[in-house]
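Let's take a walk along the place where two protein chains meet. Have a look at the picture, and then we'll begin with a single pair of residues.

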Amino acid sequence: MNYARYLTRLSSSRQHSAIRVLTSIVQENPSIITMAGGMPNPQTFPIQEVSLKLKNGKRIDLDEKATRIALQYSGTKGLPPLVNMLTELQCRIHNPPTYKAEGHPGPLDLIVTSGSQDGLCKVFESMVNPDDKVLVEHPTYSGTLAIVKPLTSKAIPVESDIDGLNPASLRQALSPWSPSDAKRPGSDIPKVLYLVPNGGNPTGAGLTLDRKKEIYKIAQDYNLIIMEDDPYFYLQFTKPYVPSFLSMDTDGRVVRFDSFSKLVSSGMRLGFVTGPKPLLERLELHMQCSVMHASGLSQMALYKVLEDWGIEGFLKHAETTAELYKTKRDQCLAIMEKHLKGLAEWTIPSGGMFVWVKLHVEDSHKLITVRAREKGVLFVPGSVFMMDSSKPSPYIRASYSNCTEEQMDTAFQRLAEILQEG
Amino acid sequence: MAYTRFLTERSLKRKKNYVRRMLEIVVNASIVQENPSIITMAGGMPNPQTFPIQEVSLKLKNGKRIDLDEKATRIALQYSGTKGLPPLVNMLTELQCRIHNPPTYKAEGHPGPLDLIVTSGSQDGLCKVFESMVNPDDKVLVEHPTYSGTLAIVKPLTSKAIPVESDIDGLNPASLRQALSPWSPSDAKRPGSDIPKVLYLVPNGGNPTGAGLTLDRKKEIYKIAQDYNLIIMEDDPYFYLQFTKPYVPSFLSMDTDGRVVRFDSFSKLVSSGMRLGFVTGPKPLLERLELHMQCSVMHASGLSQMALYKVLEDWGIEGFLKHAETTAELYKTKRDQCLAIMEKHLKGLAEWTIPSGGMFVWVKLHVEDSHKLITVRAREKGVLFVPGSVFMMDSSKPSPYIRASYSNCTEEQMDTAFQRLAEILQEG
């Protein structure tokens, strides 16, 4: 793998901070007296200790030392104990082929980010030049469109269906080029493929293992980087989990995005990116001059919770969480049967939080943003997830994550009334 | 002010995200009322039932306990608005009004009314504002020498940044006029002109110089910015670490035009690791920052924001200002210790200016280039400083300077550090 080919000129020009290098010298030589770092004096920081009360009744205390670490500047890639723990998790779940791969051009690296979204944004920014053609699953997460559309007007939508991104659509999208174009400098062949393999947003679809293998093969043929955006991996409704792209990544062409937003906390802003070091280093350098590192307080709180759980406890927690969402999915589907029969169609989500509903109308936009809102119920019009949001779309996305059965019942009843009004 | 001229094409393409907008309607409603009447199946809000943390408790150094109850914890742990938790945004706006009395606050009909956004550290605000305004190879005016974190943002963005020299009183207006001399003020109205549009500076406790701008200089610089229609990026993390009172008025306080984007930080006052800063400036520019945040960090950590809010609420504005004073006094004491020790060891071997605020002394060694001396010889002797080249636009040029930080050393450590440095300098 030649990683330089994927990077924008801007990203390639980022350099390691000399001061950060000095900081690492201090870590290696604790006897050194440093007047180098711009670390504020923590004496005047008002918070001394932090205590967490968990829902299971347990108390977890961040003692003075842990609190001090949490409240001071720390390393860009994340607090080392947390990074180690997450690396252990990745090895346990995905057994990545490039982990500790001697001599591999892209050995596995891992970085804690301020939410997986920040990792996503920075990785896209590191690889997409103005008007680069980038392959994006379609329909897709609106947060991704918000990143991609300002970067390039030439993103190529790749259609997905009930089983996720369709390999045939991917081949079709790549048909203007031949695999040898990937070696031709100056070719405008796409270099990046973005997809959400589980609990797709907005479709709720999950890629099968066969499809993943086929897509990986296509990525090899055309030398694509696969951005595996997988915040709902642990929210799959059937077991065992479908193996990830990371787990089959012998080449080191997968950049994987994990999130704690659905499992531990969305507001603490914690995710992690796993992938080949030459690419992740670019993310790290951009972080160095922007967010600097994910909130130390969030990282420490997360670390203490994970330490308390252990990996087994974490996996158990993930299962419990998935069960909750599965229950809510089933409630939602039953209520939709009750109210929307004959008025709409939908596919059954295999994971995540969303149902993708096709209304029997030409365009859902005004219906949702005006009429449904007047009736006190909010859905998302399908156009929000389309590359071209001006095109009419009959779809809506419904999120069942946070509603009670009563609320869902009211919501779909009101929607049905609007649809029946015509 | 016409703000569109300052923004890159990419930044102008950013659009409000429908889902985030809906989320903010619901989240803000629920913060205010217990049972909002809107039923939303719109937001991609995860179900907080399975979030393991229920309550958070802070023990302060003064012995007090501050509890984030279930509701506050729930808010902290869930997605929230891009601009920041509303009670915190309100409190910070109150602080800005109290300290800076910004002319564009609630200014009816002004094209750039004041806006405020909480960021994941002021550095993230800085990075995104630069990214929103600097096209490849734009000429941007940057104080010199400058904070290395700023060089790390600017140098990948453009190879045509223009250094503007500073001295013992901060950025020198004469240097600024000199830097702008290839252009005339009318170029600012000429489309296609390559006249610089942005000026970046650190007005207090400059990094690395420790210098502070005088009020007269600020007024002169603001006038130049008006003449040439520049945006002033006022990067001011050491504002509350000024060593003399009263505080020198900020650029924000004199900003009738709405051309100042000001960056405040809690990193030296409350916590660096929690990643909390805030940006204040004209809405048309801050909106671009907000939209970039929406698709990246989304918002500053809710846990950090809530913890900060509770601490600020406990202090009140008066308590906060008192705390700032105590913090500045600590740094002033350390500065004085540092200067005395430097007198003792470095007399005749180096010169330095007296920092008016912040954490750093800028020392000119009697050598041609400090780089190898610091990175090799001082390191071997077990002492670290930062070579001056790190703060230069062109880091390959030899520099006799070093930056010394006195924030975190005891007197004994400083004494040993400068003694060792003196030995190296005497060895020649």
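Start with A:Glu49, which stands opposite B:Lys59 in strand E2 of chain B. Keep in mind that what you're looking at is a predicted model. In total, two salt bridges turn up across the interface of chain B and chain A.

Strand E2 of chain A (residues 47-54) pairs with strand E2 of chain B (residues 53-60), running antiparallel over seven bridges.

Next, the whole interface. Chain A brings 110 residues to the contact, and chain B brings 106. How big is the area buried between chain B and chain A? It comes to about 8700 Å², with carbon and sulfur atoms giving 60% of it. On the chain B side, B:Ile39, B:Met41 and B:Leu384 lose the most area to chain A, and together they make up 10% of what that side buries.

Which helix of chain B gives the most to the side that touches chain A? That's helix H10 (residues 302-346), with twelve residues. Sort the residues on this side of chain B by type, and you get 57 nonpolar, 33 polar and 16 charged.

Key: Residues are numbered from 1 along each chain as its sequence is written. Chains are lettered from A and ligands numbered from 1 in the order in which they are written. This is a predicted model: local features need pLDDT of at least 70, side-chain atom pairs count only at pLDDT 80 or more; totals for chains, interfaces and linings use all residues. Side-chain values use heavy atoms; hydrogens and water are left out. Contact means heavy atoms within 4.5 Å. Buried area is the accessible area (1.4 Å probe) that two parts lose on being put together, summed over both. A salt bridge is a side-chain nitrogen of Lys or Arg within 4 Å of a carboxyl oxygen of Asp or Glu. Helices (H or I, at least four residues) and strands (E, at least two) are DSSP runs, numbered from the N terminus. Ala, Val, Leu, Ile, Met, Phe, Trp, Tyr, Cys and Pro count as nonpolar, Asp, Glu, Lys and Arg as charged, and the others, Gly among them, as polar. Two strands pair if DSSP finds at least two bridges between them.
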